[in-house]
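Here is a note for a colleague who is meeting this structure for the first time. Please read the numbered points with the sequence and the model side by side.

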Amino acid sequence: MKNKKLSGNLLKCLVAVVVALLVPVLLGGSSYMCLVACFVTIYTISASGLDVLYGYSGQISMGHAAFYAIGGYGAGLLSEYLGIPLFISMFIAAAIAALIGALLAFPASKLKFHFLSLATIAFGEIIYQIVTNSPGRITGNYNGFFHSKLDIFGLKLDNNIKFYYFGLVCVVLFLIAKTMIVRSRTGRAFIAIRENTQAAEGMGVNVRKYKIIAFAVSAFFVAFAGSMYLGLVGYLHPDMYLQKQSVLFVTMMLFGGSASLAGPIIGAISIEILLEGLRTFEEYQMLIYGILLLIVIVAMPGGIVGAVKNIKAGILRRRAQKLDKEV
Amino acid sequence: MLKTDGVTIRFGGLVAVNKVSIHVRKGQITGLIGPNGAGKTTFFNCISGVYKPSEGHVVFDGKNIEGMRPHKVNAAGMARTYQVINLFRKMTVQENIMVGMHSRLKSNFWSDLLRLPNQRKEEKFVREETEKWMEFVGLQDMRDHEAGSLSYGKQRLLEIVRGLASEPKLILLDEPVAGMNSKEKEEFDALLRRILNLGVTILMIEHDMKLVMGVCDYVYCLEHGSLLAEGVPEVVQNNPDVIAAYLGGDE
Ligand SMILES: Nc1ncnc2c1ncn2[C@@H]1O[C@H](COP(=O)(O)OP(=O)(O)OP(=O)(O)O)[C@@H](O)[C@H]1O
Ligand SMILES: [Mg+2]
């Protein structure tokens, strides 16, 4: 039975990958639509990273836009001032973000849920201030930061379709990494902490250590996504790293469904499409997130994935009851 | 196995545990009884690292462990269960036991991420080992059920076996039969014997006097945070102070 379930999941993943490969064709090669698809890959990695933190280890962050900024600016600055190729500096920037995440988690891991959310908001604000008032204006402050688009050892990703396939490879690699982490001793420690911190500690889990690991992993994911954005667009503006960006990540993760592989993907796709559709109402973005979050929290706590699971369980139960009656 | 010497803990002005010295001998079942609010659970928390005693020493297996963090105490060979059931409710029965094995395992973040050969081998061992523990308490048919969906009595059993999965030298049980049905209670003596046969020493808080008198080798009685009496069950049971404390004859 376990094997059947496993191969079923594998099949679903394969279908998803095939569909994803065909996306540019399905979109008729439209450059704009492919750009949207590129953003979906970036947001999928961001929301999945946040899911490691929130969905699995049960810690909230309302400031992950900070890591998105560290990834984007970090990769750009390393490339601009140290001459490291952007593709390499993306990984270095993500690693730096992971380190900063770990340092932040060191004191933050002691905080209770709502204090943690306040602390991460403050952290987001600090990074925003640094970006807008940088020493020697290296980030370009309010003028924004320009960089040439991504090329990987001479392979120029100079159109959205090419970048989309690069993004897709990144998504697959990051999701494999996420799966390996959450289905292991480390992942079990995360979930145990989420479910019952006291008991986790009593069972030998070094709670602080695993909270720090979860923070570092999620920072790495989100920062890498942030550096992908720079490689795609070639321009960063501080206003992309306002509080609402952090709320966007949280909304995507919760709307799709936390503590799952598919949830953050579904969240990233649906909310990115929604946002593009509602571009003309840009000033109402926070309102839209607010409404979506309320819907999720009040009406479907497990997000879309959770709702689908509930419906499936309901059908199975009804079928079982029917069988019972017939017998 | 375990010796405490004058363990005291104060919360503000309240002395919840007052100069308690006990000795838990290897291979025995030691009971800890006392009326509600006597400080039994608080005493467990002092031993298992949840609280650092204000005074006194806790010597476990020859080492001073007072003030050690709970996860270190667990790794040192002491497991425990909780009075209020503290399972990982959304995890399955099997996963709960897997977490119980945490301190015995060696894989780390990198070997998990990269699925190194040692990690794969260890995970295979984990699955086999959890089978053994599920059978130990008869939960093998419930392996994929969420812990929170089990009956109260089964949750108690799962908590015990989750503790045992770390292969401890000593297990602390806080009111293990509370919430069990009469059949489960009846079978509990035998389970305790089987735990002893694994080479695990037991220290147990329990209100069920029949059980305590039936299985314990030695009993301590706490009242208002202080030791009131100690000895073999018959002696403690017939101690007039203990009888008075239980009848609620407050002083
Ligand atoms: N963290 C704490 N802060 C303040 N007081 C506490 C704390 N923990 C326990 N106490 C107090 O210590 C006393 C002993 O409580 P404890 O739970 O240890 O009793 P118990 O013997 O386990 O009782 P029961 O049989 O009802 O489980 C109680 O008066 C309780 O209010
Ligand atoms: Mg108690």
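Is S260(A) buried or exposed? S260(A) is buried, with a relative accessible area of 11%, where buried means under 20% relative accessible area, exposed over 50% and partly exposed in between, with a 1.4 Å probe and protein chains only.

1. Basis of the note. This is a predicted model, in which local features need pLDDT of at least 70 and side-chain atom pairs count only at pLDDT 80 or more, while totals for chains, interfaces and linings use all residues. Residues are numbered from 1 along each chain as its sequence is written, chains are lettered from A and ligands numbered from 1 in the order in which they are written, and side-chain values use heavy atoms, with hydrogens and water left out.

2. Once its neighbours within four places in sequence are set aside, S260(A) is in contact (heavy atoms within 4.5 Å) with D51(A), Y56(A), K178(A) and V305(A).

3. Contact between the chains. Chain A contributes 28 residues to the contact and chain B contributes 33 residues. Between them the two chains bury about 2600 Å², with 56% of it on carbon and sulfur atoms; buried area is the accessible area (1.4 Å probe) that two parts lose on being put together, summed over both. On the side of chain A, R185(A), R188(A) and M203(A) supply 33% of the area buried against chain B, more than any other three residues.

4. Magnesium site. The magnesium ion (ligand 2) is coordinated by T41(B) through OG1 and by Q83(B) through OE1, at 1.9 to 2.1 Å. Because T41(B) lies in helix α1 (residues 40–47) and Q83(B) in the loop between β7 (78–80) and α3 (93–100) of chain B, the pair ties together parts that are 42 residues apart in sequence. T41(B) is partly exposed at a relative accessible area of 25%, and Q83(B) is partly exposed at 32%. A caution applies here: donors are N, O and S atoms within 2.8 Å of the metal (3.2 Å for Na, K and Ca), and water is not among the atoms, so sites may look incomplete.

5. Helix α3(B). The buried residues are V93(B), Q94(B), N96(B), I97(B), M98(B), V99(B) and G100(B).

6. Second largest pocket. On a 1 Å grid over the protein atoms alone, a cavity is a set of points where a 1.4 Å probe fits but cannot get out, a pocket is an open set with protein on both sides within 12 Å along at least five of seven lines, and lining residues have an atom within 4 Å of a point. Grid points are joined across faces, edges and corners, and a volume is the space filled by probe spheres set on the points. The second largest pocket has a volume of about 600 Å³ and is lined by 19 residues, of which S109(A), K110(A), T197(A), V207(A) and K211(A) lie nearest its centre. Two or more lining residues come from each of α5 (113–132), α7 (185–195), α8 (197–202) and α9 (207–233) of chain A, and α9(A) gives the largest share, 3 residues.

7. Cavities. A search of the whole structure finds 2 cavities of 30 Å³ or more. The largest cavity, with a volume of about 50 Å³, is lined by G202(A), S48(B), P70(B), V73(B), N74(B), M78(B), A79(B) and R80(B). The second largest cavity has a volume of about 30 Å³, and its lining includes K149(A), L157(A) and F163(A).

8. Backbone points to check. K19(B), which lies in strand β2 (residues 14–20) of chain B, has a positive phi of about 45 degrees although it is not a glycine, and K19(B) counts as exposed at 58% relative accessibility. D61(B), in the loop between β5 (55–60) and β6 (63–64) of chain B, likewise has a positive phi, near 55 degrees, and D61(B) is partly exposed at 35%.

How values were computed
Helices (H or I, at least four residues) and strands (E, at least two) are DSSP runs, numbered from the N terminus.
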